[in-house]
Amino acid sequence: MGTTHRPNMTETPSANQGSFMGTRMRKAGERSSQEAILQGKNETPSSQDAMMSLKSLSSLEVVYKVGIFAAVVGTSKFLLPVLFSLEHVSDKFIEKVQSWDWGTVLAALIGVCGYIIDNRNNRQAEIRQLHIDRAQNQMNSLLVPINIAFHGLLFAFYGFVDSHMDDFDLIDEPVLGGSNPPPSKHQWTSSDKTNKSWVSWWAFNHIFSSPTGKCPVALPYELPESLSEAIRKNPNSSLGAHYRQWIQNEWLPGVRDIAEIISQNGYLLEAIPAKDLELRFNDPPMSSGTWNRTPRGMFMSMWLAYSRSWETVLAQWESGDFSRIRPTTGFPSGLYFFIVTGQDIVGNLQKDLTGQSQMHGSRGIKLR
């Protein structure tokens, strides 16, 4: 018997057959996508849990997660029909995808996205809290205590100078970089209490001014030169005796207090930018000659050396040798402005983080 020849239509479908199969699969994909969306709208138990979790979130997180939900739904609506239209996708895979619980899938995706957002927000909150804690420690343990102690030294200095106005001619003392002209002779005397502020004006400029108009990093003196010279010439005078008592009971305790604060909490220093140091101070007393390459803790290191150097002077005085009236180490007066500048920086950071600071007060209004 002859074999009847039949076209191999199953092996090589015609163009119409391929179009028909593609159309059938696209429609199946669209029905699957629509059913998935309707299933999500009907709020299966999983999607209901997801919606309940959304209600407990902040408004910003809700916006994020709803946006992700919409993106997932939109992607599934347009992407799945395309996938289903591909002829190489097996019917078994299509049936598996159609059997998925899309409400559960979407709820899981929302949960994962929510976890990522929550983790990011928690990390940001942790970093913010670290900034708040460090700024508070800087203010409480280093900057404010040194500021207070330094002002204590300044007022002790003002008092000693004022009490010995008659022991030297202050009108002949040079005042470098002062913002006001030197006052008349009678305004310097301690008996003229109404003009006593002139003493602090002169003393402040005596410590913090230089011919360059910038602040010195350190000074080779504390007292006015004429007063120091009077003490050197006659160390056994009442002036010399009072000076040594003042150093041991007023000046040196304040110096030691600052050194102790630095030793305990110097690691909390605020690194002042080099450009700010260049505007404020003369050149650093370092071989580098530039603030860019100068350690920010230099002021504190100099203060520790200054504090220890006084012990040598005290030892000489105890042996009866009064020839030296001060240490060989310079008085690092620049520490004052280094600390004040650090307070400004940290205070502004506290204001940004908490709305208040030591520099701005509880109402967040800067005091100066």
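How many nonpolar, polar and charged residues does the lining of the largest cavity have? The lining has 3 nonpolar, 1 polar and 3 charged residues, where Ala, Val, Leu, Ile, Met, Phe, Trp, Tyr, Cys and Pro count as nonpolar, Asp, Glu, Lys and Arg as charged, and the others, including Gly, as polar. This is a predicted model, in which local features need pLDDT of at least 70 and side-chain atom pairs count only at pLDDT 80 or more, while totals for chains, interfaces and linings use all residues. Residues are numbered from 1 along each chain as its sequence is written, and side-chain values use heavy atoms, with hydrogens and water left out.

A search of the whole structure gives 1 cavity of 30 Å³ or more, and the volume of the largest cavity is about 40 Å³. On a 1 Å grid over the protein atoms alone, a cavity is a set of points where a 1.4 Å probe fits but cannot get out; a pocket is an open set with protein on both sides within 12 Å along at least five of seven lines; lining residues have an atom within 4 Å of a point. Grid points are joined across faces, edges and corners, and a volume is the space filled by probe spheres set on the points. Around the largest cavity lie Glu-222, Leu-223, Ser-228, Arg-232, Tyr-243, Ile-325 and Arg-326.

Two of these lining residues, Glu-222 and Arg-326, form a salt bridge with closest N and O atoms 2.7 Å apart; the term stands for a side-chain nitrogen of Lys or Arg within 4 Å of a carboxyl oxygen of Asp or Glu. The pair links distant parts of the chain, 104 residues apart: Glu-222 is in the loop between α6 (197–208) and α7 (225–233), and Arg-326 is in the loop between α10 and α11. Helices (H or I, at least four residues) and strands (E, at least two) are DSSP runs, numbered from the N terminus. Glu-222 counts as buried because its relative accessibility is 6%, and Arg-326 is buried at 11%; buried means under 20% relative accessible area, exposed over 50%, and partly exposed in between (1.4 Å probe, protein chains only).

Arg-232, also in the cavity lining, meets Glu-229 in a salt bridge of 3.6 Å, N to O. Both residues lie in helix α7, 3 residues apart, about one turn of the helix. Arg-232 is partly exposed at 38% relative accessibility, as is Glu-229 at 32%. The whole structure has 6 salt bridges. Another of them joins Lys-275 and Asp-276 at 3.4 Å, N to O.

Arg-296 sits in the loop between α9 (274–280) and α10 (298–318). Arg-296 is buried yet has no salt bridge, and Glu-278, the nearest side chain of opposite charge, is 8.0 Å away; Lys and Arg count as positive and Asp and Glu as negative, with His and the chain ends not counted. The side chain of Arg-296 instead reaches the backbone oxygen of Ile-272 at 2.6 Å, and a polar atom of this side chain lies 2.8 Å from the backbone oxygen of Thr-294.

The largest pocket holds about 170 Å³ of space. Its lining divides into 3 nonpolar, 9 polar and no charged residues. Helices α5 (102–163) and α11 (335–354) each supply at least two lining residues, and the largest share, 4 residues, comes from α5. Among the lining residues are Ile-132, Gln-136, Gln-350 and Ser-362.

Definitions and conventions:
A polar contact is a pair of N or O atoms within 3.5 Å; within protein, one must be able to donate a hydrogen and the other to accept it, and residues adjacent in sequence count only if both atoms are side-chain atoms.
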